[in-house]
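Let's take a friendly walk through this structure. Have the sequence and the 3D view ready, and we'll stop at a couple of spots along the way.

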Amino acid sequence: MRVAIDATPLIGLRTGIGVFVDGLLRSLHDDSHTEVDLEIVEYTLSLKARLRGDVRGYWIPLPASASSFVWRRFGGPKIERFVGGIDVVHGTNFVLPPSSSPRVISVHDLSFLNDPGRSRNSTGQFDRSVRDAVDSGATVHTISEYVAQEIRDRYAAKDVRVVYPGVQPHVVSRQPASQKQTLVAVGATQRRKGLLDLVDAFELIARLNEEVELQIVGPPGDGEDELAQSIKGLPGFIQSRVHRIGFVERQQRDQLISDATILVHPSYYEGFGFPVLEAMSMGTPVLTTTGGAIPEIAGDAALKVHPGDIDAMADALSELLANEELLGAFTEAGLDRARKFTWTDTAQGISDLYSSLL
């Protein structure tokens, strides 16, 4: 079976979509755990990547931002024109090309519908792209039951399949324990990630706990300026214990998570929540929220509060920081939970999805 897969999310900084595509492709290329003989054909929708010589597989001569409009307006060119004959095409990043073969579109979440940092044009583009795919009979793949139901409700989609991503087992040597307790949050500083709430909760904790520190790790997003102002507004003796760490390479990021006392993921909405499972896989306890699909993914292996409830967040963090036995219990529960999400299962699930369309 020859399958064309959009590898564009692997270009540049990796978002959660990039993590998913990377894990999926690695697992599908290792066909020892799939029952179907797969030939994976990667393609890239990015003019900038072409100019940099950074194309994965076949280059489609359309800018990613314009491809959806062009394909909607003209109904072509079909993907076969660029990659040759295929059995299935899989659009991994909300955009799905025309094809004579069965088509699969991955919709990782619907955050574009209520993300205050996203422009109206961008929101409309994603919304139309998903609707066009559904209306044209494409199969929708998504990464949680929560998002699957959102897609059914909004687009009246009849064929929605859930295949969970995996989590790569992380073997990270923990640094010698420090006297200081460290909270870490990772990811781009988007408004929906709830980082302003975390800073406010940290202020409450830090007034009573002189040892605790906060690290915020990841590239700038639409909430970066507001986050900087929030940190700047803290009293000096607390502000000095908040460390805004920008983008770091994967190895350093993993080390920061592994060395943390608690990973805090205060998001208002997630279609999955990779940092939660990544931290669990390293034995780092997690405090998160009930936003979106997080309860489905975290199960009982993380302590959860309602998004935006700053007092509850501060109380929960204080309880964890003061209770070594509770921290240990969440460490063990997290390790067990993370083992349930493997890329081998993801590859098998996606391979089965492809086969079912033939």
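What follows looks at one strand and then at one glycine.

A bit of bookkeeping comes before that. This is a predicted model, in which local features need pLDDT of at least 70 and side-chain atom pairs count only at pLDDT 80 or more, while totals for chains, interfaces and linings use all residues. Residues are numbered from 1 along each chain as its sequence is written, and side-chain values use heavy atoms, with hydrogens and water left out.

Start with strand β1, residues 2-6. Strands (E, at least two residues) and helices (H or I, at least four) are DSSP runs, numbered from the N terminus. Five of the five residues of β1 are buried, so the strand is largely enclosed by the rest of the structure. Buried here means under 20% relative accessible area, with exposed over 50% and partly exposed in between (1.4 Å probe, protein chains only). Both faces are covered: Val3 and Ile5 sit on one side, and Arg2, Ala4 and Asp6 on the other.

Val3 shows up in both pairings: its bridge partner in β2 is Ile40, and in β4 it stands opposite Val88.

Now hop to Gly271, in the loop between β11 (262-265) and α11 (274-281). Gly271 is buried too, with a relative accessible area of 3%. Leaving aside residues up to four places away in sequence, Gly271 touches His108, Asp109, Ile143, Ser144, Val147 and Ala293, where contact means heavy atoms within 4.5 Å.

Note on methods
Two strands pair if DSSP finds at least two bridges between them.
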